Amino acid sequence: MTAENLTTVPHVDRPPPLPARWTQARILGTTLLCLWAAAGLGLIYFLVRSWNPDLLHRYAPNYLSGLWVTIQLVVISIIIGALLSIPIACGRMSKNRIWSGLAYGYVYFFRGTPLLAQTFLVYYGLGSFRHQLDAIGLWTFFRDAWYCALFAFSLNTAAYQAEILRGAIESVGKGQWEAAKALGLSRIQALRKIILPQALIVALRPYGNEIILMIKGSAIVAIITVYDLMGETRRAYSRTFDFQTYIWAAIIYLAIVEALRNIVDWIERRITRHLQR
Amino acid sequence: MGISRRIVLALSATALAMSMGAASAQDATKLKIGTEGAYPPFNNLNASGELEGFDIDIAKALCEEMNAECEFVTQEWDGIIPALQAGKFDAIIASMSITEERAQQVDFTDPYYTNSLTFIAPKESDFDPSAADGKVIGVQQGTIAAAFVEENYPNADLNAYPSQLEAWADLSNGRVDAVLADFGVQYGWVQSDDGQCCEFKGDPVDSNDRIAIAVRKGETELAEKFNTAIAAIRENGKYAEINKKYFPFDIFGE
């Protein structure tokens, strides 16, 4: 009977879509889009016109090695930062005054000062304590600009990641904790099985943003003598005075960020399948 | 009506002031001189933030000779040629060596001093320019020293800094084994308090370097003016006076 009813339901057409009118906002939007397209075409025209196989042949290997340095630096410091961020986030959420105070101070300092200043402090600041560092055997580490950069970046991103983690965990309703407790789960079990899976969905976007910021921020290592992508660009520019060296660097950074954005999108689609209706 | 009359008055006053300004500008040519300001004792900022040094004194003497009103603009080294091309200033007086790569971008005047590239290293170090493989050499990015190390010491570790001052900072704390730079600038540093740690090592590795003023390509008239002025201050003893103020040796060469 139900089947019959279903078949007899009359077919209803959707109302036809309203004709799109040329409102002021639409005209403005289209104009802006045209301007952007013109800028993009201009850039492509410029690159085609100033195409210089000599330049490419001479500096492309340098750009690749610079890119590799940038990727290593960002990946390793993000991983170290993620590990460091766990105790810091715990400290931020702790009821113990000393722990939470320490964690608060750490985050306050690293989020409140420029990464450039932090990198300089580590590189040139610690450089002036050479003899003390030598005495405790740390100078071989801090002598190398790459390690200094890694050190500064890891500490910096740890502060941001700790805040992301804390925010995400606190965004999960208190009722979830209470329900887990009512089921007899321990705090650790509740965190691992109930809270974190929900929190990490919230944290995914901010984590993606943090990695993107680190990739762009890593360009400052060029001024403490690390030949990352930006360092190689500066080197090429200082020999050629051709500012397309910077355009190529910008294009490479843009490509990495765009790839990363798509990866984050893809992960988000996957881990929120159960939320889609 | 009162208002419109006042506007007319104000406009004519402005026009008058502008024409007077234009007239006085013709009397003394105005020149903007680009320099780095981080290259003692050639061009650096003193404690009160004013430019001083050999390049600056030479520039002032040349401007006086050319009857030009000169204004200094400081610009970071690795952007100094593009800034000249973009018209931020009219000439670079910043101890710039004449090189082929640069000569494709700018025109050079006659040289106003000569230079050689020389290593410095800590006094206790046994650094030897002829055996620098595996050593860490500090240079300033975009200088002939940087190019020289890249070409002649492929097995050395090259650390390039935005300015000369940072290269020396890392020499005194031991991050680099030696610094390669112009003789004059190294001389100034090892004479200073900060440079007491270090001394010259070995003979100059490249002594065929001429330092000149850079102007935009095609501005031969300005370059000629500078050339005449350089010859004039060489002649009238002004150059020798400035030379003596900074160096106990003849820096002009030949």
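By a cavity I mean a set of points, on a 1 Å grid over the protein atoms alone, where a 1.4 Å probe fits but cannot get out, and its lining residues are those with an atom within 4 Å of a point. This is a predicted model, in which local features need pLDDT of at least 70 and side-chain atom pairs count only at pLDDT 80 or more, while totals for chains, interfaces and linings use all residues. Residues are numbered from 1 along each chain as its sequence is written, chains are lettered from A in the order in which they are written, and side-chain values use heavy atoms, with hydrogens and water left out.

The largest cavity is lined by 14 residues, and those nearest its centre are Tyr39(B), Trp77(B), Ser95(B), Thr143(B) and Asp182(B).

Now to the interface: which numbers of residues do chain A and chain B bring to the contact? With contact meaning heavy atoms within 4.5 Å, chain A gives 20 residues and chain B gives 24 residues. The two chains bury about 2000 Å² between them, 44% of it on carbon and sulfur atoms, where buried area is the accessible area (1.4 Å probe) lost on being put together, summed over both parts. Of the area that chain A buries against chain B, 33% is supplied by Arg143(A), Arg239(A) and Phe241(A), more than by any other three residues.

Seven salt bridges are found across this interface, each a side-chain nitrogen of Lys or Arg within 4 Å of a carboxyl oxygen of Asp or Glu. One of them joins Arg234(A) to Asp78(B), with the closest N and O atoms 3.0 Å apart.

Notes. 1 Å grid on protein atoms, 1.4 Å probe; cavity = no way out; pocket = protein on both sides within 12 Å on 5 of 7 lines; lining within 4 Å.
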